[in-house]
Every structure is written in structure tokens, then in C-alpha cells.
Amino acid sequence: MESNCVQFLGDKTILITGAPGFLAKVLVEKILRLQPNVKKMYLLLRASDDKAAMQRLRSEVVEIDLFRVLRKDLGEENLNELVHEKIVPVPGDISVHNLGLKDPDLLQRMWSEIDIIINIAATTNFDERYDIGLGINTFGALNVLNFAKKCVKRQLLLHVSTAYVCGENKGLFLEKPFKMGESLSGDKKLDINVEFELMKQKLKELEHQNCTEEEISQSMKDLGMTRAKLHGWPNTYVFTKAMGEMLIGSSRENLPLVIIRPTMITSTLAEPFPGWIEGLRTIDSVIVAYGKGRLKCFLADSTSIFDLIPADMVVNAMIATATAHSGETGIQTIYHVGSSFQNPVTFGQLHDTSARYFTKKPLVARNGSPIIVSKGTILPTMAQFSLYMILRYKLPLQILRLINIIYPWSEGDKYNDLSRKLRVAMRLVELYEPYLLFKGIFDDLNTERLRVRRKENIKEMDGSFDFDPKSINWDDYIANIHIPGLITYVLKQ
């Protein structure tokens, strides 16, 4: 018997933004695999024209290893036929009015056909340029909402945000929407239009000063971080995502709106197969650096909870929430999709499991020898970490600089190279500090209620849409699924 979620997807026309991003691809594969009777999926991709969009769909979505289960089940020819029949790649850009669609006939067709709008598009750089962050994460979200309002058959807008719009405070974070103009700093009023005008004015000043593109880019990054911290957010990414939530929440009118706030998204737990991942995501850069023997010290509190959630669970929650709320006029519901409340994992646990893994199965260096890892030094405060870096690296660098001055031929440009690497490392630690030392827990009462309702519905017993983090054995997942997935799909070993 088909589950409610599978039934819901049948004969639906869905717009998905953010392809070919990581989460969007997992969603597309899931829909095609479990409900090939979906009517149509419009995938919005950044591309110059239809031909380029189709090429990106082929090379960056359908032909990748994520689709190997479908390819095996259907065969190459049948999979290509299914994709041709069900998926329409659309060149566009959410930062532009009408999502950048230039073909008026296509626009009218989409407005007349689309039932469900799923917005996954975002820029996730913590220190993104302020103009780009505002364009995609803030006003891009509003553009998607305005597009959805023109869809005559619209049943739901599902917007993917991030749980970390909460900022850096401690305690329990509830699944509640932002109020327009809400600032985390408490004593300041946030005016999104003022932020937009400040960004435009700064950009104009830089252009009038004939600044280089590199200077403009750095100034816009600095502006974003400054404005974010002024209003209580740690970086441009979560600040612009929070403002995006405010805009669509206040402008939704009677359009049903669901906002999904996932935590740190990791490799797939089960579907379409365990361990698939693309690129280094959040904590993965730390795991890989440790496995390569490059992580001698690290800023972290071993008791801090790292809120991890596998990508397929996030997608399952997205489909389940869409099924539950489609057509509910005027609702706005927030869902935290994470693990910290139901099944927390600490950094200490993550570190110990990684250490055991790389001790038993070390990575191999370029010369073919195994890389030996040590426990490393974990420092629980930024002050301790900075002192360690000064004593361990900065003082030796100053000595090297003195040698370069006295004997400029001795070490060549080694000082400048090491100095640059140290600056990059410190910059990354500063960006990640709010999450490495994070002391918050994400309440998921709405998500748990949905899980309970689904379990009470006999049709959902097959587990195809499981998103209960209590079912995850973290030691097993990290050692036998996630790290092997990183080695296979990211390191290509």
C-alpha cells in the first residue's frame, strides 16, 4: 500500500529552486524513485539558456552516482526517458524578478501548472558579500514567494532555511517565526529596507572610488559581517537567511507557508544508499583535516553538542511537512529538523569515533605510506586557542621572518607562504567559532508531533519517509557510513 507521502506526490507539478545543489538533488532523486507518477518537476538552475540548463541537469544531477540505484532499477535508457518526461530544467535566478525567466510562454505555463513550490536556493558562505547574500537569501526568498502567489493552483510554499538563524545564544530554541524587524541584539530595530539601501550606497561609493573587484568584494564581505554582528547574528549567512524568513512570513497573505530549519546536514543515512555526500559540509572539513594528520590543535568544547542530521532525513521531513500542510490556507509553520533534542551527539564523541576510525583505517599519503593520527590538542575557548597559535606558530614565524631579512636567500618565500596559510586558518576558526562552541538545543515539538501523527497512520509503516533522529546510532553512522562516504565521494579514494 502506498504511503500518504507517495500518494501526495502523485500527479503533482513541483517547482524546486537550488538545483543542482546537494539537498535539491537528494530530493529530486527521492521523488523520481518513489513516485515516478509525479506530473512534472521544474528545476530552476543558474544557466545562460535552455541548452546550458539541460547540460547542467545531465552532468551535475542525473549522471552522478546519487542516481545509480535508479539507473540500476530502470536501466540507462528508461531513466533518461523518465527524466525527459518529468523534469524541465529552467534557466533562472531567484535574485531577479520572476526568477529571471525570460520566456513569457514558459512563465504563463508554470503559473498555470505548479502546485507546490520548494525553495532550497541559497548562498551558504558564512562571510558572503552583503549584496549577494541579500540578493539570494533575503530578497531571493521574497521573489520566490511573489512567484508562488501567481501560481493559480498553488497549495504550499516550502522554504528551506537554517536552524542557526537563532544566533549564538544558549538554551532551548523554539520553532517560532521571526517578527518583522526583530533584532537579536535587543536594543536595535532591524529595517530590511535600510539594510538594502546601506548595501547599495556602499557599493556605489566603492565603484566611484575606482576600487578593484577584489577590493569591492572584500569591502562587501566586511559590510555583511559588520551589519550581522550589529544586530546579534554571527555572520552574513544566518543574518540574511533570518531576514528572508521575516520577509516571506510578513508577506505570505493566505499562501500556506512551511519553513524547514535543518541543522548541520550530513551524508545520507539510508537512501538511496548510505553515505552519499557532495563536498565538505560543516564538520567534514575538520574530519578530513584530522584524517590527513593536519589537525594538531582545534577549537572546541568536547561537551558541546554538534547537531547533525543526515540529508535523506531532511528530505523526508520536507516531503512529510508538504503532505501535512498542503492547501491549509494562511498557515505558517516552522519545523526544526535536527538531532540535538532527541538524540544529541557531542564533539567529544565525534572526535573519539574519528580517532578510532583513522587509527584502524588510516588515509594514505602521496608517497603511499599510511598517515598516523594523534589525539591532538582540543582547546575549549578562543582565548586559549589564540594563545596556543601564538606560541606554536606566530612566534616561530617571526623568527623565520628575521632570518629572511638577514639571509633573504635562505628560505625564499617560505615566510609569506606560511603567514598566508596561518591567516586563512585563523579566519576559518573565527567563522566557525559560533558553531564549534555552540551551547543551544533546538526544540522540535512540531516535528515530533508530525512524526507521531505519521506513526499513527498505518500507511507510513514502510519507513520510506523516516526522519526520527532517535533511530540513529551515532558511533555506527559516523564510523561506518559518514567517514567512508567522505573518503569515497569527496576524497575519491
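**Figure 1. Lining of the largest cavity in the predicted model.** The lining of the largest cavity comprises 9 nonpolar, 4 polar and 2 charged residues; the structure shown is a predicted model. These 15 lining residues include V286, Y290, L295, F347 and H351, which lie nearest the centre of the cavity. The volume of this largest cavity is about 130 Å³. In the whole structure, a search finds 4 cavities of 30 Å³ or more.

**Figure 2. Secondary-structure elements around the largest cavity.** At least two lining residues come from each of α11 (284-291), β9 (297-299), α13 (347-360) and β12 (377-379). The greatest contribution to the lining is that of α13, with 4 residues.

**Figure 3. The largest nonpolar core and the surroundings of M318.** The largest nonpolar core contains 159 residues, and I16, M41 and M318 have the most contacts inside it. Helix α7 (residues 130-149) gives the most to this core, supplying 10 residues. With residues up to four places away in sequence left out, M318 touches L23, L27, I118, I120, L158, V160 and I260.

**Figure 4. The salt bridge between E271 and K30.** The closest N and O atoms of E271 and K30 are 2.8 Å apart in this salt bridge. Distant parts of the chain are linked by the pair: E271 belongs to the loop between β8 (264-266) and α11, whereas K30 belongs to helix α2 (residues 22-34), 241 residues apart. Both E271 and K30 are buried. The search of the whole structure finds 22 salt bridges.

**Figure 5. The salt bridge between E76 and R71.** The side chains of E76 and R71 form a salt bridge with an N to O distance of 3.1 Å. E76 counts as partly exposed because its relative accessibility is 43%. R71 has a relative accessible area of 18% and is therefore buried, the cut-off for burial being under 20%.

**Figure 6. The salt bridge between E253 and K149.** A salt bridge joins the side chains of E253 and K149 (3.6 Å, N to O). This pair also links distant parts of the chain, 104 residues apart, with E253 in the loop between α10 (236-251) and β7 (257-262) and K149 in helix α7. E253 has a relative accessibility of 60% and so counts as exposed, whereas K149, at 22%, counts as partly exposed.

Technical notes: Residues are numbered from 1 along each chain as its sequence is written. This is a predicted model: local features need pLDDT of at least 70, side-chain atom pairs count only at pLDDT 80 or more; totals for chains, interfaces and linings use all residues. Side-chain values use heavy atoms; hydrogens and water are left out. On a 1 Å grid over the protein atoms alone, a cavity is a set of points where a 1.4 Å probe fits but cannot get out, and a pocket is an open set with protein on both sides within 12 Å along at least five of seven lines; lining residues have an atom within 4 Å of a point. Grid points are joined across faces, edges and corners, and a volume is the space filled by probe spheres set on the points. Ala, Val, Leu, Ile, Met, Phe, Trp, Tyr, Cys and Pro count as nonpolar, Asp, Glu, Lys and Arg as charged, and the others, Gly among them, as polar. A nonpolar core is a set of buried Ala, Val, Leu, Ile, Met, Phe, Trp, Tyr and Cys residues joined through side-chain atoms within 4.5 Å. Buried means under 20% relative accessible area, exposed over 50%, partly exposed in between (1.4 Å probe, protein chains only). Contact means heavy atoms within 4.5 Å. A salt bridge is a side-chain nitrogen of Lys or Arg within 4 Å of a carboxyl oxygen of Asp or Glu.
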